[in-house]
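I am opening a notebook on this structure. I will write down what I look up, one entry at a time.

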Amino acid sequence: MHETLLEVSNLSTSFFTDAGEVRAVRGISFFLNEGKSLGLVGESGCGKSVTALSLINLVPYPGRIIAGNIFYRGKDLLQLESKSMLDVRGKEIAMIFQEPLTAFNPVFSIGSQVQEAILTHQKVSKKEALNRTSKLLEDVGISQEGVIENYPHQLSGGMRQRAMIAMALSCDPSLLIADEPTTALDVTIQAQVLGLISEIQKKRNMSMILITHDLGIVADRVEYLAIMYCGKIVEYSLAKELISKPLHPYTSGLIDSIPDISRREKPLRTIKGAVPSLLNLPKGCSFCDRCFMVDSLCRLQEPQLRDIGAGHMVACHRV
Amino acid sequence: MFWVRFRKNKLALFGAITVFILCGVALFAPWFAPHDPVSIDVDHILEPPSAGHPLGTDELGRDVLSRIIWGARISLAVGFVAVGISALIGILLGAISGYYGGWFDTVIMRFVDVMLCIPTFFLILAAIAFLEPNIWIIMAVIGLTSWMGVARLVRAEFLSLKEREFILAARCVGASNFRIIFRHILPNALSPVLVSVVLGVAGAILVESALSFLGIGIQPPTASWGNILASGKDNIEIAWWLSVFPGVAILVTVLAYNLLGEGIRDAIDPRLKK
């Protein structure tokens with residue numbers, strides 16, 4: 001049952017802009033077993049979304065995957081012809097986007113878009129596809145009369161995101177990539193939608209990659225966590241272990257900056273400084289300018305991800 | 001929303017009703033026309049408007065009203081088919097060059113520039129001089145020389161629409177390029193094309209009338225507003241009705257299409273209206 005579904009090794013994606021090569025993803029490796037979930041956490045611009053798009057080989061121009069392998073069920077997705085890749089997208093790997101309003105085509109109804117996704121991959125009659133569509137909308141909790149004929153702008157943000165989830169589930173994918181699925185939603189709806197996603201993931205025994213900038217909302221919903229910084233994974237471990245014993249100074253910084261309502265008097269802790277430009281990365285560790293335990297080695301040599309026991313990996317010289 | 005805004009615009013409504021009536025008249029010409037448009041009656045040559053011939057008769061005694069009604073068929077048919085051809089070419093080339101970009105886009109757009117440099121009317125004149133002037137050739141030639149505007153419009157829409165997130169989302173569910181172009185982007189790009197097509201009909205009708213007036217368009221005895229006008233020119237001192245009525249028909253039709261087209265544009269995007 002614990003077969004490896006996805007194995008990414010040394011994936012590198014760069015954007016070739018007029019200003020130079022922007023190295024958005026710099027050689028990341030991870031794997032994901034069937035039925036397991038991974039949280040990919042990092043701040044804006046650290047390469048989370050580019051990683052997600054690289055997985056389905058849809059990096060927008062002028063970006064390009066320059067190195068690495070993505071093995072999905074043993075076959076390398078980067079070697080696939082574009083035609084066979086069409087069958088992987090949606091059917092094997094589905095994606096949920098951050099902003100469901102812009103991710104739906106404004107001129108078609110919700111129902112017809114979900115139905116179309118079904119018809120793209122499965123040889124079923126239109127009627128059968130329609131039946132499945134209403135079943136899916138029921139599964140995600142928007143089975144009210146008329147939703148199926150509504151246009152995207154007629155639904156609320158939460159309902160739209162639920163419809164987006166229905167569309168992603170339409171062909172029963174084995175891997176679900178959720179790219180900041182709740183960032184555009186109200187805090188009150190966030191928990192509901194995340195709960196729905198994890199519930200469906202467990203029920204259908206899917207694997208999931210949940211991408212977010214908010215460590216607080218994923219920590220108890222995924223089995224593994226990977227922390228990304230400047231296009232690299234700096235720490236990877238079981239979620240519980242990583243939250244209770246963060247090793248990388250960036251991870252502990254992230255955990256410290258989660259607001260805690262019981263500590264109202266104290267100011268919220270932050271990580272000082274800003275993310276370095278991906279066009280001009282420091283020679284050594286990319287976190288060295290913001291780190292409180294930096295030493296001379298950190299500025300000279302880039303640390304590699306290494307296992308420090310029980311599958312807890314970290315990329316830091318000082319650990 | 002569209003219909004509410006459109007209805008408020010009295011001129012556009014007038015245009016729409018006129019176009020509707022014109023299409024009805026053209027479609028049912030045999031029922032509306034009081035006489036046979038090509039039957040010659042040498043006893044009643046160049047008669048002024050009367051009860052028997054409401055718009056008078058021409059130099060061969062044919063009923064002008066009947067000829068204008070049958071002429072509406074020709075003019076509207078030329079307008080629709082010519083614009084249909086130009087819209088088809090324009091949408092196809094614009095969509096492909098906007099979506100794929102690259103060298104294909106460069107080639108197509110430079111070709112558009114070249115086509116726009118040539119005075120269209122003289123190109124049509126030259127083309128028809130070599131070809132037999134029948135109605136199909138005229139439709140084809142007008143269509144083949146007027147697609148550039150639509151192509152530019154569609155390309156511009158595609159350039160911005162293809163970057164939208166729902167296109168990425170469509171790719172994520174495994175839609176092919178063909179499907180993305182025609183099913184996901186095109187329906188979003190059609191409203192400006194609709195405006196340009198309606199305005200294009202007016203332009204095509206004018207070109208056809210001008211060609212027929214010059215004698216290289218629709219050939220007599222088939223009636224066309226342009227060739228009625230041409231025979232009116234020869235008799236203008238003694239038979240004003242032969243020039244005025246087809247002229248009014250052209251004027252009203254072109255005006256109606258222009259008002260309709262502008263009405264649609266304003267109703268689609270109220271910000272454009274000054």
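**Entry 1: one residue in chain B.** I looked up the contacts of Ala230(B) in this predicted model. I set aside the neighbours within four places in sequence. What is left is Ser212(B), Phe213(B) and Gly215(B). I then asked where Ala230(B) sits. Ala230(B) is part of helix α11 of chain B, which covers residues 225–234.

Is Ala230(B) buried or exposed? I counted 20 other C-beta atoms within 10 Å of Ala230(B). A residue with 20 or more is buried, so Ala230(B) is buried. I also checked a residue farther along the chain. Trp136(B) and Ala230(B) are 94 residues apart in chain B. Their C-alpha atoms are separated by 21 Å.

**Entry 2: chain B as a whole.** How many helices and strands does chain B have? I found 12 helices and 0 strands. I noted the span of the C-alpha trace along its principal axes, about 75 × 45 × 30 Å. Chain B has 274 residues, and 45% of them are buried. I looked at contacts with a separation of 6 or more in chain B. Residues 24 or more positions apart account for 69% of those.

**Entry 3: chain A.** Here I found 11 helices and 12 strands. I checked the radius of gyration of chain A, which is 20 Å. The globule rule gives 20 Å for 319 residues, so chain A is as compact as a globular protein of that length. The C-alpha trace of chain A spans about 65 × 50 × 45 Å along its principal axes. Of the 319 residues in chain A, 44% are buried. I took the contacts in chain A between residues at least 6 apart in sequence. In 64% of them, the residues joined are at least 24 apart.

Definitions and conventions
Residues are numbered from 1 along each chain as its sequence is written. Chains are lettered from A and ligands numbered from 1 in the order in which they are written. This is a predicted model: local features need pLDDT of at least 70, side-chain atom pairs count only at pLDDT 80 or more; totals for chains, interfaces and linings use all residues. Helices (H or I, at least four residues) and strands (E, at least two) are DSSP runs, numbered from the N terminus. A residue is buried if 20 or more other C-beta atoms lie within 10 Å of its own, exposed if 12 or fewer, and partly exposed in between; C-beta atoms are placed from the backbone. Two residues are in contact if their C-beta atoms, placed from the backbone, lie within 7 Å. The radius of gyration is taken over C-alpha atoms; the globule rule is 2.2 Å times the number of residues to the power 0.38.
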